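Good morning, and thank you for the time.

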Amino acid sequence: MFDVMALGLVLFYSYSAVISPAATQFHRGIYVTITYVLVFLVYRSKGTLGRIWDYLLITASIITLSYWILNFEAINYRAGAETELDSWIAMAGVLIGIEVARRVIGNIFVIMGTIMLLYGVFGEYMPELISHAGDTFPDLCTSIFFKSDGVFGIMANVLATYILLFVFFGAFLEKSGAQRFFIDFPLAAVGHKIGGPGKVAVIASGIFGSISGSAIANTVSTGSFTIPMMKKAGFKPHVAGGIEPAASIGGMFIPPIMGAGGFIMAELTGLPYSHIMLVALFPALMYFFSVFMMVHYHAKKNNIVGEKSEKSATEIFKKEWFYVLPLVVITILMLMGYSPGYSAILGMVACIVISWFRQDTRIDLKGFLQASRAGAESSLKIGATVGVIGIIIGVLTYSGLVLTFADIVIELADGKLYLTIILIALASLILGMGVPVTAAYLITAVVAVPALTHLGVNLIAAHMIVYWLSQDSNITPPVCIAAFAGATIAKANMWATAWVAFKFAKFLYLAPFIFGYVPGFTLNGSATDIAITFVLVFFGTWAYSYILSGVWINRFKKSEVL
C-alpha cells in the first residue's frame with residue numbers, strides 16, 4: 001500500500017505540474033488524503049487492537065477527505081447553510097488532523113490544536129484584548145474544514161504544489177549519488193587548508209541543506225561524514241558537533257530551493273519565486289561567509305589544519321561535474337519563469353539521467369520505487385502538520401486575532417522596530433520548540449508581518465525577518481534539535497554543542513535587523529544604494545565574524561606579554 005501510494009504521489013503531481021494542473025479539490029485533497037493514510041501506515045499503534053484502530057482511522061480519513069473532494073462545489077454553494085452531515089464530517093476531519101500530527105510530531109501539536117479550538121469556541125470569555133464572539137464546536141470545525149483558510153488552505157496548497165515535489169527531488173538526487181560529490185569536491189578544494197574539514201562542512205551543508213529542506217536531516221546526513229572528519233583534524237567534539245548544525249540551517253536560506261519556506265513566502269507575498277530567489281541570494285551567501293570565517297578564525301586560534309585529499313578538486317570535478325546538472329537545470333528554469341513544480345520535475349528527470357553515468361548509482365525501476373518511497377516518507381514530517389496548521393490559521397483568521405496581534409506587538413514594542421524584531425524572535429523561538437520550522441514560519445508570518453509592515457518595513461523584508469528568525473529554534477537552547485543531533489553524532493556534551501552552534505550561527509540574529517533597517521539588503525533601492533549596501537554588509541560581516549571568534553583576544557594577550 002505504501003509503495004503504491006508513494007508512486008501515486010510522484011506520478012500524479014508530476015502530471016499536474018508538467019502536463020495539466022488538477023482542479024483545486026483534487027490537487028489539495030489527494031495530497032492530504034494520501035499523507036494521512038501513509039502516516040497511519042508508518043507511525044503505527046502497538047498490538048492487534050492498536051492496528052485495528054489504525055485501520056479505522058485510515059477508513060475515517062478516506063471518508064472525510066473524499067467527502068470534501070467530491071462535494072467541493074456543493075459545499076461552496078451552500079456556505080453558511082451546511083447540513084448536519086457536513087458538520088459531522090468536519091468535526092471528524094479536524095480531530096483526525098490532530099491525531100495525524102500527534103503521531104509524527106508529538107503531543108505539542110495536540111496541545112496547540114486543543115488550545116486553539118477552545119479559544120475558537122469560548123472566545124467571548126477571553127480577556128478583552130483577545131476576545132471574540134466565539135461559536136459552537138460543530139460550526140467552528142465546519143469553518144476550519146471547509147473554508148479556504150483552514151485545513152485545505154495555504155499550507156495544503158504549498159505542500160502539494162511545491163514542497164512535495166522538491167522533497168522527491170532531494171530523494172532522487174541522493175539516490176543518484178550526488179551527495180558524495182558535494183562532500184568530496186569541497187574536501188579536495190579546501191580540506192587541507194586551515195580548519196579545512198570545518199570549511200567542508202559549511203560548503204557541503206549549504207549545497208545539500210537547500211535540497212533536503214530540513215536542518216535536522218541535513219545535520220544527520222552530511223554530519224555523518226563531516227563531523228568525524230572535523231574531530232580527526234583536531235576540532236573538539238562539541239565544536240565539530242556545533243559547526244555542522246550552524247552550517248546546516250544556512251541551507252534554508254540559499255537558492256534555488258531554500259528548504260521549503262521560500263515557496264510559502266512566494267504564496268503569501270504574491271511575488272514570483274524567481275524574485276524571492278534573487279532577494280535571498282546575497283543574505284544567504286553572507287550567512288555562509290560568516291560561518292566560514294568563524295570556522296577559519298577558530299581553527300587559526302587552535303592551529304587546526306586538515307589533511308590533503310588523495311584526489312585534486314580539478315580531478316574530482318572533471319570526473320563528477322555532472323552531479324551539479326540537476327541544480328543548474330532547476331535554477332535556470334525558475335529564472336526563465338517556469339513554475340517551481342515544473343522545474344522540480346525536470347530536475348528529477350536530470351537526476352535519473354545522471355545516475356546512469358555510473359553503474360553503481362543507476363536509477364532503474366527498482367531505484368525509482370526506492371527513491372519514491374524515501375521521498376514519500378520524508379514528506380510526512382512536514383505533511384503531518386497540515387491539519388493542525390489549518391486549525392491554527394483558521395481560528396486566528398476567524399477570531400480576528402491576526403490583526404489584534406499586530407496591534408499588541410506594536411504596543412508592547414512602543415512602536416520601535418528593533419523591539420518588534422526581538423519580540424518576533426522570542427515568539428518564533430517558543431513556537432519552533434514544538435513545531436517544524438516551516439510551520440513556525442507560516443504561523444508567525446500570518447500574525448507578525450502586519451506588525452512589521454505597519455512600522456514601514458517593505459513586505460518581502462518583513463517576510464525575510466520572520467523566515468530567518470523561524471530557524472532559530474534549530475540551534476538556540478533550550479530545545480535546538482539540530483544541535484542535539486550534531487552532538488549525538490559527535491558523541492559530545494549536548495549543551496556545550498548547542499552553545500557552539502548558537503555562537504557560530506550568530507549572523508542568523510544580525511540579518512533580521514539589516515533586513516528591517518537597510519532596504520538595499522532586499523534589493524529595494526537604486527543600483528548604487530544596493531551596491532554600497534552589499535560592500536558594507538560584506539566587510540561588516542567579516543568584522544562581525546572576526547570579533548565573535550575571539551581570535552583577537554589571543555593577539556591582544558600576546559602583545560601585552562611582549
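What we have on the screen is a predicted model. I begin with empty space. Rolling a probe the size of a water molecule over the atoms shows where such space is left. When the whole structure is searched, one cavity of 30 Å³ or more is found. The space in this largest cavity comes to about 40 Å³.

Which residues line the largest cavity? They are Asp149, Gly150, Gly153, Ile154, Met155, Val386, Ile389, Gly390 and Ile393. Two elements give two or more residues to this lining, namely helix H8, residues 154-175, and helix H19, residues 386-399. H19 supplies the largest share, with four residues.

H19 packs with helix H22, residues 437-454, with the two axes 11 Å apart and at an angle of about 5°. How are H19 and H22 oriented to each other, roughly parallel or roughly antiparallel? Angles under 35 degrees count as roughly parallel, and H19 and H22 are therefore roughly parallel to each other.

The contact itself can be read residue by residue. From H19 come Ile389, Ile392, Ile393 and Leu396. From H22 come Ala439, Leu442, Ile443, Val446 and Val447. The residues of this contact divide into nine nonpolar, no polar and no charged. I would draw your attention to Ile389 and Ile393, which are named in the cavity lining and also in the contact with H22.

Asn303 is not a glycine, yet its phi is positive, near 55°. Asn303 sits in the loop that joins helix H14, residues 273-302, to helix H15, residues 313-320. Is Asn303 buried or exposed? Its relative accessible area is 67%; the cut-off for exposed is over 50%, so Asn303 is exposed.

The second residue is Leu523, again not a glycine, with a positive phi of about 60°. Leu523 belongs to the loop between helix H26, residues 507-517, and helix H27, residues 527-549. At a relative accessible area of 33%, Leu523 is partly exposed, since that class lies between the 20% limit for buried and the 50% limit for exposed.

Thank you; I welcome your questions.

Note on methods: Residues numbered from 1 in each chain as written. Predicted model: local features only at pLDDT ≥ 70, side-chain atom pairs only at ≥ 80, totals over all residues. Heavy atoms only, no water. 1 Å grid on protein atoms, 1.4 Å probe; cavity = no way out; pocket = protein on both sides within 12 Å on 5 of 7 lines; lining within 4 Å. Points joined across faces, edges and corners; volume = space filled by probe spheres on them. Buried < 20%, exposed > 50% of the residue type's maximum accessible area, 1.4 Å probe, protein only. Axes fitted to C-alpha atoms, helices over the stretch in contact; angles between N-to-C directions. Parallel < 35°, antiparallel > 145°, perpendicular 65-115°, else oblique. Contact = heavy atoms within 4.5 Å. Nonpolar A, V, L, I, M, F, W, Y, C, P; charged D, E, K, R; others polar.
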